[in-house]
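Please take some time with the sequence and the model shown here before reading on.

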Amino acid sequence: MSVFSGIEPEKVFEFFEEICMIPHGSGNTRQLSDHLKAFAAERSLRVNQEPCGNIIIYKDATPGYEKSPAICLQGHMDMVCEKTSDSRHNFRKDPLPIAVMDDEVFSRNTTLGADDGIAVAMILAVLDSSELEHPALEAVFTIDEETGMEGAKLLNYDSLKARRVINLDSEDEGVFYISCAGGLRGNISLPVDMKEHTGIEYDVVISGLHGGHSGEMIDRYYANAIILMGRLLRFLQQRMKFRIIELSGGLMDNAIPREAGCHIQVSVENSTTFEQTISEFEEIIKNEYKANEKNLMIYCENLGESTARVLRNESTKRAMYLLTAVPDGVIKMCREKGQENLVQTSLNFGIMRLSEGRFTLEAGLRSSVSSEKHALSAKLKVIAEAVGAEYTEKANYPAWEYNEESELLPMLIRLYESSYGQSPVVKGIHAGLECGVIYKALKPVDIVSFGPTIKSAHTPKETLSISSTERTYRLLCDLLKELK
Ligand SMILES: [Zn+2]
């Protein structure tokens with residue numbers, strides 16, 4: 001018997017259960033893609049299966065809606081595969097061990113993939129229904145959203161007539177998304193020279209910082225360990241000569257770095273002053289961050305005399321110029337009415353590395369206004385080139401810009417208010433969504449994004465609210481009915 005028996009909306013959960021039985025982690029969506037193709041064929045619906053696996057299913061308008069322009073419903077097929085360390089689940093072949101408790105659906109010790117399987121299930125329920133009223137539908141199911149939005153990028157947009165899109169990849173019921181940031185990775189690579197040198201070696205580590213996602217958390221103004229390490233070296237430079245042996249920080253361009261480390265050599269006579277200078281700097285920084293980085297600490301250990309490869313003076317100067325000159329964090333907040341709390345443009349230096357011959361810094365840039373993203377990237381290029389470093393852009397993805405003329409949004413707000421008795425939250429998000437890729441390909445296009453409440457997505461604690469799914473599905477059906 002199904003874990004969902006007796007649970008409404010019946011069809012939505014029936015399709016969701018089918019999806020959970022088919023492995024569909026990112027990079028492994030072929031089977032689900034074929035399943036969707038068969039779904040369409042069984043119902044005599046026209047279907048396109050693209051070479052990459054993207055699926056587009058078409059359904060005609062219901063009587064009375066023939067004149068209304070087509071609408072696109074969109075979600076992604078793939079899920080993030082995470083499990084607890086004791087789980088023996090094999091994401092490549094096992095069905096998800098789904099369970100229901102009270103109002104929540106979850107998968108035992110694994111991600112549930114309600115992000116975005118519930119969107120796929122809701123769209124299938126609409127396609128399956130012979131009772132719902134709606135304009136012509138173009139249902140788009142993309143592959144590999146979670147690993148770089150590959151499906152949305154590969155989609156053949158000529159297959160779509162719709163210029164109205166409902167994306168169902170949002171996770172807070174009652175919140176409607178209307179814009180998202182675009183982004184790119186900026187990489188600064190400085191050639192450096194090293195030589196052998198002897199002195200007293202210190203290990204210095206800045207740690208205890210919050211970190212967090214560089215899109216969603218950048219407006220918390222948490223400290224960036226890489227930028228702080230740059231300031232520490234600059235502070236030190238004004239007191240004494242030192243040599244850098246190692247310099248590193250951060251793990252990913254899209255995470256605010258929580259830790260940075262440095263191995264430094266100083267002369268014997270400077271070692272006492274060195275330790276004092278580090279504590280002095282620690283006091284200054286702790287004071288700056290007393291409100292939001294209470295666990296910040298700087299660790300400093302004397303490792304004794306060493307002979308090691310160190311950065312030559314000219315290279316040290318250049319590396320420190322970069323660390324001091326680059327901007328970091330929030331650059332600009334939105335000014336549009338109602339969007340004042342949204343970050344418009346930001347960057348995060350997420351990775352710093354020093355190897356023999358090269359010092360590299362990698363930043364994640366984001367903006368909901370494409371021209372600002374490119375202007376910021378140009379600034380980094382100029383700073384890099386000033387000291388002979390190379391600058392390259394990678395993983396460029398477009399923004400979904402706020403559309404004041406949206407017709408879907410006011411309709412959705414009205415429907416929400418009349419059925420919930422309260423106003424929804426309408427906002428942009430300072431992170432990338434497939435909507436950015438779709439926006440760029442189809443503009444002018446009217447897009448809204450919403451979805452039922454999913455908690456702890458991308459972790460084995462992921463849950464989906466049943467009642468929220470029911471209300472959200474009803475809202476989707478009401479909206480389609482409204483589009484006469
Ligand atoms: Zn998603």
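How many bridges join strand β2 to β6, and do the two run parallel or antiparallel? In this predicted model, strand β2 (residues 55-59) is joined to β6 by five bridges, and the two strands run antiparallel. Within this pairing, Ile 56 stands opposite Val 140 in β6. Strand β3 (residues 71-76) also pairs with β6, in this case in the parallel sense and over six bridges, and here it is Gln 74 that stands opposite Val 140.

Strand β6 itself covers residues 137-142, and because six of its six residues are buried, it is largely enclosed by the rest of the structure. In a regular strand, side chains alternate between the two faces of the sheet. In β6, Leu 137, Ala 139 and Phe 141 point one way while Glu 138, Val 140 and Thr 142 point the other way, and all of them are buried.

The protein chain contains 11 helices and 21 strands, and its C-alpha trace spans about 90 × 50 × 45 Å along the principal axes. Of its 484 residues, 45% are buried. Among the contacts with a separation of 6 or more, 77% are between residues 24 or more positions apart.

A further group of strands forms an open sheet of four, in the order β4-β5-β21-β20, with antiparallel pairing. Strands β4 (98-101) and β20 (454-455) stand at the edges and have a single partner strand each, so one side of each is left without a neighbour in the sheet. The partner of β4 in this sheet is strand β5 (residues 104-107), to which it is joined by four bridges, and Ile 98 has Ser 107 in β5 as its bridge partner.

The loop between β20 and β21 (463-465) holds Ser 456, and His 458 lies in that loop as well. Most residues other than glycine have a negative phi, but phi is positive for Ser 456, near 50°, and for His 458, near 70°. Ser 456 counts as partly exposed because it has 15 C-beta neighbours inside 10 Å, and His 458 is likewise partly exposed, with 15 other C-beta atoms within 10 Å.

Turning to the helices, the axes of α3 (residues 114-128) and α11 (residues 466-482) come within 11 Å of each other and cross at roughly 45°, which makes α3 oblique to α11. The crossing is right-handed. Where the helices meet, α3 contributes Ile 118, Met 122, Ala 125 and Val 126, and α11 contributes Thr 469, Tyr 473, Leu 476 and Leu 480. Seven of these residues are nonpolar, one is polar and none is charged.

Helix α6 (residues 271-288) includes Thr 273, which is partly exposed, with 14 other C-beta atoms within 10 Å. Leaving aside residues up to four places away in sequence, Thr 273 touches Arg 239 and Met 240. The C-alpha atoms of Thr 273 and Met 240 are separated by 8.5 Å, although the two residues are 33 residues apart along the chain.

Finally, the backbone deserves a look at two prolines. Most peptide bonds are trans, yet a cis peptide bond joins Glu 8 and Pro 9, with omega about -5°, and Pro 9 is found in the segment before α1 (10-21). Another cis peptide bond joins Lys 443 and Pro 444, with omega about 5°, and Pro 444 is placed in the loop between α10 (434-442) and β19 (446-449).

Methods:
Residues are numbered from 1 along each chain as its sequence is written. This is a predicted model: local features need pLDDT of at least 70, side-chain atom pairs count only at pLDDT 80 or more; totals for chains, interfaces and linings use all residues. A residue is buried if 20 or more other C-beta atoms lie within 10 Å of its own, exposed if 12 or fewer, and partly exposed in between; C-beta atoms are placed from the backbone. Two residues are in contact if their C-beta atoms, placed from the backbone, lie within 7 Å. Axes are lines fitted to C-alpha atoms, for helices over the stretch in contact, and angles run from 0 to 180 degrees between N-to-C directions. Angles under 35 degrees count as roughly parallel, over 145 as roughly antiparallel, 65 to 115 as roughly perpendicular and the rest as oblique. A crossing is left-handed if the near helix is turned anticlockwise from the far one by less than a right angle, and right-handed if clockwise. Ala, Val, Leu, Ile, Met, Phe, Trp, Tyr, Cys and Pro count as nonpolar, Asp, Glu, Lys and Arg as charged, and the others, Gly among them, as polar. Two strands pair if DSSP finds at least two bridges between them.
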